[in-house]
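Welcome, and please open your viewer.

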Amino acid sequence: MKKYVYSVLIIITCFLSCNTQPHKADFSSSPVTSPEASIAKMQVEEGFEVKLVAAEPLVTAPVALEFDSKGRMWVVEMNGFMPDTSGTGDNIPNGKIVILEDKNKDGVADERKVFLDSLVLPRAICLIENGILVAEPPNLWFYEINNDKPGKKILVDDKFSEGGSVEHQPNGLLRAMDNWIYNAKSGRRYRKNGDKWMIDNTSFRGQWGISQDNYGRLYYNNNSVNLLGDYFTPGIEAINKNQHNVAGFDENLVPDNRVYPARPTPGVNRGYMPGILDSGQRLVEFTAACGPVIYRGDLFGKEYELNAFVAEPSANLIKRNILNENGFITSGRQAYQGREFLSSVDERFRPVNLYNGPDGALYVVDMYRGILQDKVFITPYLRNQVAIRKLTQPLNYGRIYKIVPKNKRSKEIVLPDDPLQLVKLLESGNGWVRDKAQQMLIDGKFTGAVPALQKAIKETDKPLLVIHALWTLEGLGALRTEDVVALLKEPAWPIRMQALSVLPSVMNKANSKQYLAILEELLDQNDTLAAPYIAFIAHAIRSDDKEAEEKLLEKVVKKYPGNRFVADAVISNLQDREELFSKKMLAFAPNPGLAINRELLQITSNKKMFREGRDPEALNKEFPKGMAIFYATCKTCHGPDGNGIKSLAPPLNQSEWVTGDKDKLISILLFGLTGPVKVNGYSYKTPEINGDMPGIGFNKDIRNEDIAQLLSFIRKSWQNNAGNINAEDVEKIRQKLKDRQKAFTTEELK
């Protein structure tokens with residue numbers, strides 16, 4: 001009997017160990033599986049299930065999608081991405097925009113229409129009015145739609161993307177609540193005004209994917225940071241080109257970047273480095289975070305309100321974060337420790353974008369591809385991983401899934417054309433429905449709905465209805481001063497916040513004095529939530545009354561001199577007036593430690609350094625190729641002024657790594673740098689910056705002469721004044737380190 005019990009225990013122990021800690025041999029290959037088999041390899045949160053919506057051959061290599069008012073999916077196919085580890089043929093025009101429809105209403109798409117083909121690496125779309133925006137770098141195009149076929153083609157922006165690799169080019173085209181279209185990895189926004197397109201500067205945000213919450217605030221991330229976002233609505237942001245980091249924008253909302261893959265994940269670009277993988281060969285922290293979405297559906301339940309989902313394709317998982325609000329400050333935490341909302345043991349499962357759907361479900365765009373890293377940064381280590389598990393082929397796969405609760409049935413949504421019914425839908429519990437109803441009212445120019453919208457903004461017990469009605473009126477050009485004034489006096493902060501946010505759009509000479517009186521009244525009432533908004537929008541008064549704007553700024557900063565949000569908001573109005581305002585502040589608040597004085601001193605110091613910097617025109621003549629490479633590639637992380645970008649990269653300006661030993665600098669550019677780096681005595685590390693700077697030395701197509709020009713340009717730009725680097729210097733280091741396969745750490749370089 002004892003022998004029998006002992007044998008059973010051995011069998012049970014073996015079973016548990018085999019199922020909880022798989023041997024490496026179990027994952028020695030990564031074969032293509034059917035969509036059904038791939039779903040079976042997923043572990044999703046209890047109470048939920050994953051359903052197939054579309055798969056090959058109906059869709060291949062999907063990277064983005066948008067639903068139209070009929071519930072059809074318009075999908076971007078990036079078929080040319082990385083045909084092999086060298087990216088051979090990635091410039092072939094084989095990208096497409098396709099329309100997928102479920103004709104028999106069984107929940108799975110069964111019809112495919114090719115709307116556009118012959119595109120080179122397209123990455124984003126946006127349906128608007130009678131057409132569609134298509135991002136095909138370097139251009140942003142608008143195509144009219146005629147019976148699901150492209151009509152007139154209009155160039156909206158020929159500088160939508162200026163160089164850089166696929167993973168470092170603008171994408172997103174999110175049509176936000178404020179009726180502007182925003183992108184990740186970009187500092188531009190777009191809006192259609194009649195037959196003309198408006199292009200405006202905005203905060204630079206994220207890397208791949210962008211989303212909004214119920215109040216129109218934007219969320220994004222970069223590849224090593226879980227979730228970034230803005231405390232404030234986008235229309236009131238900083239407009240001072242001398243100001244770099246603005247408090248309340250690009251905030252790290254969920255500092256915990258730990259991930260919990262369901263399988264060993266050695267196939268990540270830096271998998272050879274200590275700390276990247278754990279003892280079980282699983283990724284430790286995000287390395288390809290992308291496609292964030294704030295869940296806004298009405299299907300999951302109240303506990304999923306203000307939840308942020310983030311895709312991690314290199315670890316084959318989707319993370320859930322729970323966000324909380326305290327005033328205008330948003331912060332969050334991971335929903336689970338030791339597990340994920342969804343994880344898969346299928347290495348080819350590559351979730352690259354997430355979306356809210358018309359039915360309240362969470363939609364997952366799965367590129368279903370072996371190679372994930374762009375050719376510019378792929379390491380020999382990763383090439384080997386791809387070869388071991390034969391991940392290069394095949395390329396003609398792709399899936400779209402939706403995640404739904406098991407016991408709830410999602411319904412197909414088709415929006416009506418009737419404007420009064422659309423107004424009613426502005427109070428829907430589903431954020432996608434509210435957004436689409438607002439857009440349809442504006443796109444259809446349904447001015448006949450204005451009385452119903454004016455009535456809706458008075459129903460202040462329904463804040464979401466009020467907010468969408470407000471922005472719909474703004475989009476129709478029908479927002480009245482009395483409507484906004486009434487909402488500015490509302491006790492509910494979300495409504496008051498939107499009324500403040502709309503002011504730059506509606507303020508003019510005729511009503512500015514009326515609005516100014518309300519703003520001063522809010523300050524007198526100690527409305528601390530409104531204070532940064534008031535400071536941000538003061539510039540809207542300046543064109544009509546400079547003196548009134550200056551008095552308002554002085555009033556808000558005198559009331560909140562130590563508040564960093566107010567300080568940065570005030571400074572956003574002061575382009576090229578910073579020194580004069582600084583003298584005023586020091587006259588009544590001489591404490592240099594106050595936020596306003598500290599920030600002004602930093603900006604005036606930076607401006608002085610810039611004036612004393614090198615002449616960019618002379619540098620362009622001396623290093624034309626180097627300057628072109630810098631602005632195409634390096635600028636997106638290190639900034640055009642070389643002073644670095646928050647959450648991305650440290651400064652190059654006055655960096656000892658740039659102006660010091662040229663062999664070390666060449667080594668960094670060729671093979672990359674990982675981990676913390678100290679610049680001018682300050683230690684930069686994640687999440688303040690991206691923990692990895694990828695090298696380009698593994699790409700044999702980049703010539704020594706080009707690298708030499710780039711580094712010489714950087715060493716002589718801004719306040720840098722170091723010696724030139726020539727092609728022979730680069731070749732010497734390339735030969736010396738020809739067998740190296742990993743990035744450097746600062747300790748190694750020392």
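Start with a cartoon of the chain, which has 23 helices and 30 strands (DSSP runs numbered from the N terminus: H or I of at least four residues for helices, E of at least two for strands). This is a predicted model, where local features need pLDDT of at least 70 and side-chain atom pairs pLDDT 80 or more, while totals for chains, interfaces and linings use all residues. Residues are numbered from 1 along each chain as its sequence is written, and side-chain values use heavy atoms, leaving out hydrogens and water.

Zoom out: the C-alpha trace spans about 85 × 70 × 65 Å along its principal axes. Colour by burial next, and 59% of the 750 residues are buried (under 20% relative accessible area with a 1.4 Å probe, protein chains only; exposed is over 50%, partly exposed in between).

Now show the charged side chains. The structure holds 44 salt bridges (a side-chain nitrogen of Lys or Arg within 4 Å of a carboxyl oxygen of Asp or Glu).

Select D443 and R175, whose closest N and O atoms are 2.6 Å apart in a salt bridge. D443 sits in helix 5 (residues 431-443) and R175 in strand 11 (residues 171-175), 268 residues apart. R175 is buried, at 9% relative accessibility.

Move on to E251 and R564, a salt bridge with its closest N and O atoms 3.9 Å apart. E251 belongs to strand 18 and R564 to helix 14, so the pair ties together parts 313 residues apart in sequence. E251 is buried at 9% relative accessibility, whereas R564 is partly exposed at 40%.

Finish with R703 and D706, which meet in a salt bridge at 3.0 Å, N to O. Here R703 is partly exposed, at 47% relative accessibility, and D706 is buried, at 9%.
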